[in-house]
Every structure is written in C-alpha cells, then in structure tokens.
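Here are some notes to read alongside the model.

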Amino acid sequence: MPDTIMSKEPSSNLESAMQMLIKTFHKYSGKEGDKFTLSRGELKELLLEELGTYLGGSSKDNEAVEKVMNDLDSNNDGEVDFTEFIILMGALTVACNDFFLDCKTDETPKEGESAEKKN
Ligand SMILES: [Ca+2]
Ligand SMILES: [Ca+2]
C-alpha cells in the first residue's frame, strides 16, 4: 500500500514535502545497521547534510548531536525511528513558523495600528 502511494506523482507541494521527508529519512537510515532507523552516526550525518542551515554551527558539535539524539530517542533503544524523526521535524517547523510570524509582525505593522500601545 505505501508503495503505491509513493509511486504516485505528488499533486501538491505539501504532498511532495511529505515524500521528501520520507525519502530523506530512508536515504540516511539505510546506510548502516537497521535499515529503518537512524543510528547515532546516521542521525549526525542527516543533521549536518540536511539541516545545517537551521541547526547552525551547533550541529557540528558532538555534544549537540548527542543531545538531539537523547531528546528524540523517546523509547531509549539507541536509534531514531521515523516517528521520532518526524517529531524533530515538527518541532523545527514550529520554530521556523514562530520565526516567520515574528518577522512578519516586525516588518509589516498593520496600518492604523501603532506598533506600541501606550496606556
Ligand atoms: Ca540505520
Ligand atoms: Ca528510538
């Protein structure tokens, strides 16, 4: 069933974004050990290669990778499965959305409303 979904051409940006998440996860998860989970090494590689911009220089730090790994590995099996990975992506997307909203309110104050309310 998932094979037929994945073999269809995505018809929207959101569908292709979902396929990209799945493909990206499996690109790294299949490198060593269990093909369907990310080991510490695979997670580090994924973070550096795919999320370097969002995570900044901190992802180069082994301690930061360890911290992300420990935060994500909710069932403590030493591997990050797809469910655990998608939680990271959700949290990062929320952080990006907050940043986007902050920028929007800073740069485009609504007309007729003063930026600061003085009482
Ligand atoms: Ca693996
Ligand atoms: Ca796990």
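1. A term is needed before the contact figures. Two residues are in contact if their C-beta atoms, placed from the backbone, lie within 7 Å. Among contacts in the protein between residues at least 6 apart in sequence, 30% join residues at least 24 apart.

2. Keep in mind that this is a predicted model. The protein has 119 residues, and 13% of them count as buried.

3. Next, the layout. The protein holds six helices and two strands. Read from the N terminus, the order is α-α-β-α-α-α-β-α.

4. Which residues make up the largest nonpolar core? There are ten: Phe25, Tyr28, Leu38, Leu43, Leu46, Leu47, Val65, Val68, Val80 and Phe85. Three helices each supply at least two residues of this core: H2 (13–29), H3 (40–50) and H5 (62–72). H3 gives the most, with three residues. As a general point, nonpolar side chains tend to be buried together in soluble globular proteins.

5. Now the helix pairs. Two packed helices are described by the angle between their axes and the distance between the axes. The next points take the pairs in turn.

6. H2 with H3. Their axes come within 9 Å and cross at roughly 130°. Why does this pair count as oblique? Angles of 65 to 115 degrees count as roughly perpendicular and those over 145 as roughly antiparallel. The H2 and H3 angle is roughly 130°, and the two helices are therefore oblique to each other. The crossing is right-handed.

7. Which residues meet where H2 and H3 touch? From H2 come Thr24, Tyr28 and Ser29; from H3 come Glu42, Glu45, Leu46 and Glu50. By type, the residues of this contact divide into two nonpolar, two polar and three charged. Tyr28 and Leu46 also belong to the largest nonpolar core.

8. H3 with H5. Here the axes come within 10 Å and cross at roughly 110°. That makes H3 roughly perpendicular to H5. H3 passes H5 in a right-handed crossing.

9. On the H3 side of this second contact are Arg40, Leu43, Lys44 and Leu47. They meet Val65, Val68 and Met69 in H5. The residues here divide into five nonpolar, no polar and two charged. Leu43, Leu47, Val65 and Val68 are also listed in the largest nonpolar core.

10. To sum up, H3 is the helix to follow through these notes. H3 gives the most residues to the core. H3 also meets residues of H2 and residues of H5.

Definitions and conventions:
Residues are numbered from 1 along each chain as its sequence is written. Chains are lettered from A and ligands numbered from 1 in the order in which they are written. This is a predicted model: local features need pLDDT of at least 70, side-chain atom pairs count only at pLDDT 80 or more; totals for chains, interfaces and linings use all residues. A nonpolar core is a set of buried Ala, Val, Leu, Ile, Met, Phe, Trp, Tyr and Cys residues joined through C-beta atoms within 7 Å. A residue is buried if 20 or more other C-beta atoms lie within 10 Å of its own, exposed if 12 or fewer, and partly exposed in between; C-beta atoms are placed from the backbone. Helices (H or I, at least four residues) and strands (E, at least two) are DSSP runs, numbered from the N terminus. Axes are lines fitted to C-alpha atoms, for helices over the stretch in contact, and angles run from 0 to 180 degrees between N-to-C directions. Angles under 35 degrees count as roughly parallel, over 145 as roughly antiparallel, 65 to 115 as roughly perpendicular and the rest as oblique. A crossing is left-handed if the near helix is turned anticlockwise from the far one by less than a right angle, and right-handed if clockwise. Ala, Val, Leu, Ile, Met, Phe, Trp, Tyr, Cys and Pro count as nonpolar, Asp, Glu, Lys and Arg as charged, and the others, Gly among them, as polar.
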